[in-house]
Amino acid sequence: MKLLAPMAGITNGEFAIKLIPYGFNAVSIGGYDIDKETINAGAEILKRNRKEFHYPEDKIKEVINDEVNFIKSKYPNIIVSANLRAVSPIPFKKISEIDNLDIIEINCHCRQPELTSIGCGQSMLKRHDLEDYLKTVTRNSKSKVSLKMRANVEGVDDLEIAKIAEECGVDYLHIDAMKKGVPDADYDLIKKISEETNIYIIGNNSITSLENAKKMLEYGADGFSIARAAIQGKLGFKLTEL
């Protein structure tokens, strides 16, 4: 999978269709806040002038539906994922029911304090109920399920999280393989997880060239995603050259 990764406040349908011609076969829109707690957190994030998608709880399904179908109207064969944030696993079910939405993605990645303080984003990796949360989402979802996680969070065993995700029926593990003090992706972590699980791995972090994309695949990722390198709505290389 060659995935355009989510960037809150940036990656919507209009942004995605600018990048698809570079060779992406999948896009992840969002992140979107889908319950009261995360919507309130998003409002606080906006107050400090950070980009953020912000919609009322009773409108969010409609918004995501419109974004998904806008992309599919232009590129009917593209895989569309929606990156979602919620304190509870319950709201994921209604989003998964959107026609043409291929994947719902659980955000265990964002590190904004407004989100981590309520048990969302990367702090989800430390929640005692994470296994039950994942089982609830996968059991009720009408779409495939991805988990996007930030790697090397202090106090988190990344391999254990990967194994839990696999056991809970998560279809994709989307790993931001960042490592503090290292200017490149943690390829060794990707290799370790690929060798000790059978879950489909989408590797992310520092993919700014075809060489880095190839390296991610060589270390065991099944696919890769690109975010910041595409933030200007263009890439300096074509993924079709892989």
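The backbone oxygen of Ala5 sits 3.5 Å from a polar atom in the side chain of Thr11. That counts as a polar contact, meaning a pair of N or O atoms within 3.5 Å; within protein, one must be able to donate a hydrogen and the other to accept it, and residues adjacent in sequence count only if both atoms are side-chain atoms. This is a predicted model, in which local features need pLDDT of at least 70 and side-chain atom pairs count only at pLDDT 80 or more, while totals for chains, interfaces and linings use all residues. Residues are numbered from 1 along each chain as its sequence is written, and side-chain values use heavy atoms, with hydrogens and water left out.

Thr11 itself belongs to the loop between strand E1 (2-4) and helix H1 (13-19). Helices (H or I, at least four residues) and strands (E, at least two) are DSSP runs, numbered from the N terminus. With a relative accessibility of 0%, Thr11 counts as buried; the term buried means under 20% relative accessible area, exposed means over 50%, and partly exposed lies in between (1.4 Å probe, protein chains only). Leaving out residues up to four places away in sequence, Thr11 touches Leu4, Ala5, Pro6, Ser28, Ile29, Gly30, Tyr32 and Phe53, where contact means heavy atoms within 4.5 Å.

Strand E4 (residues 103-108) is largely enclosed by the rest of the structure, because six of its six residues are buried. Both of its faces are covered: Ile103, Glu105 and Asn107 are buried on one side, and Ile104, Ile106 and Cys108 on the other. Two strands pair if DSSP finds at least two bridges between them. Strand E3 (residues 79-85) runs parallel to E4 and is joined to E4 by four bridges, with Leu84 having Ile106 as its bridge partner in E4. E4 also pairs with strand E5 (residues 144-150) in the parallel sense, over six bridges. Here Cys108 has Met149 as its bridge partner in E5.

Ser146 is buried, with a relative accessible area of 2%, and its side chain makes a polar contact of 2.8 Å with the side chain of Glu105. Neighbours within four places in sequence aside, the residues in contact with Ser146 include Ile103, Ile104, Val170, Tyr172 and His174.

**Empty space**

Rolling a probe the size of a water molecule over the atoms shows where empty space is left. On a 1 Å grid over the protein atoms alone, a cavity is a set of points where a 1.4 Å probe fits but cannot get out, and a pocket is an open set with protein on both sides within 12 Å along at least five of seven lines; lining residues have an atom within 4 Å of a point. Grid points are joined across faces, edges and corners, and a volume is the space filled by probe spheres set on the points.

The structure holds one cavity of 30 Å³ or more, and the largest cavity has a volume of about 40 Å³. Both Glu105 and Ser146 are in its lining, alongside Met1, Leu3, Ser28, Ser81, Ile103 and Ile202.

The largest pocket holds about 590 Å³ of space. Of its 28 lining residues, Met7, His109, Asp176, Ala227 and Arg228 are the closest to its centre. E3, E5 and strand E8 (223-226) are the elements that give two or more residues to this lining.

**Helix H7**

In helix H7 (residues 158-167), the buried residues are Asp158, Leu159, Ile161, Ala162, Ile164 and Ala165. They pack against helix H6 (130-140), E5, strand E6 (172-176) and helix H8 (187-196). At the start of H7, a side-chain oxygen of Asp157 comes to within 3.1 Å of the backbone nitrogen of Leu159.

**Backbone angles**

| Residue | Phi |
|---|---|
| Gly169 | near 90 degrees |
| Asn49 | about 65 degrees |
| Asn205 | near 125 degrees |

Gly169 follows H7. Asn49 lies in the loop between helix H2 (36-47) and helix H3 (60-74) and counts as exposed, at 75% relative accessibility. Asn205 is placed in the loop between strand E7 (200-204) and helix H9 (210-218) and is buried, with a relative accessible area of 16%. Finally, a cis peptide bond joins Gly30 and Gly31, with omega about 5 degrees; Gly31 is found in strand E2 (residues 26-33).
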